Amino acid sequence: GPQTCVKCSPNCLRCNTPGLAQCTQCQPATPVFHKANLAITEGSCWAIAGNNNGCQSGFYSTGANECVACHSSCLTCVGPDEPDCLTCRSWSPYFH
């Protein structure tokens, strides 16, 4: 059938499907790319702000305007694994 075109989120330069969390490339004004996880390339784009290189809570910076999701038990972290937590999510019963 015929292809239909749908606009990406305003933060995305390119996307696979419409929506904030489906960018594959970011706009210059919102250059920080948040990978959903290491296996999925789709993500969301944000402006550089805050003290985590622009990464939102639950993500850590890998440099070059890229953020990767923390382990599911971490609220903030320095890497992808549970021992990399800086702070835990409220439901997490322990802190490393």
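Visitor: Is Cys77 buried or exposed?
Guide: In this predicted model, Cys77 counts as buried because its relative accessibility is 5%.

Visitor: Which residue does a disulfide join to Cys77?
Guide: The partner is Cys70, with an S to S distance of 2.0 Å. The link of Cys70 and Cys77 is left-handed, with -85 degrees about the S-S bond. Cys70 counts as buried too, at 10% relative accessibility.

Visitor: How many disulfides does the structure hold?
Guide: There are six disulfides. Counting bonded cysteines along the chain, the pattern is 1-3, 2-4, 5-6, 7-8, 9-11, 10-12.

Visitor: What about Cys74; which residue is joined to it?
Guide: Cys74 is joined to Cys85 by a disulfide, S to S 2.0 Å. Cys74 lies in strand S7 and Cys85 in strand S8, so the pair ties together parts that are 11 residues apart in sequence. Cys74 is buried, at 0% relative accessible area, and Cys85 counts as buried at 6%.

Visitor: Changing topic, is Cys5 buried or exposed?
Guide: Cys5 counts as exposed, at 79% relative accessibility.

Terms used. Residues numbered from 1 in each chain as written. Predicted model: local features only at pLDDT ≥ 70, side-chain atom pairs only at ≥ 80, totals over all residues. Heavy atoms only, no water. Disulfide = S-S within 2.5 Å. Buried < 20%, exposed > 50% of the residue type's maximum accessible area, 1.4 Å probe, protein only. Helix = DSSP H or I, 4+ residues; strand = E, 2+ residues; numbered from the N terminus.
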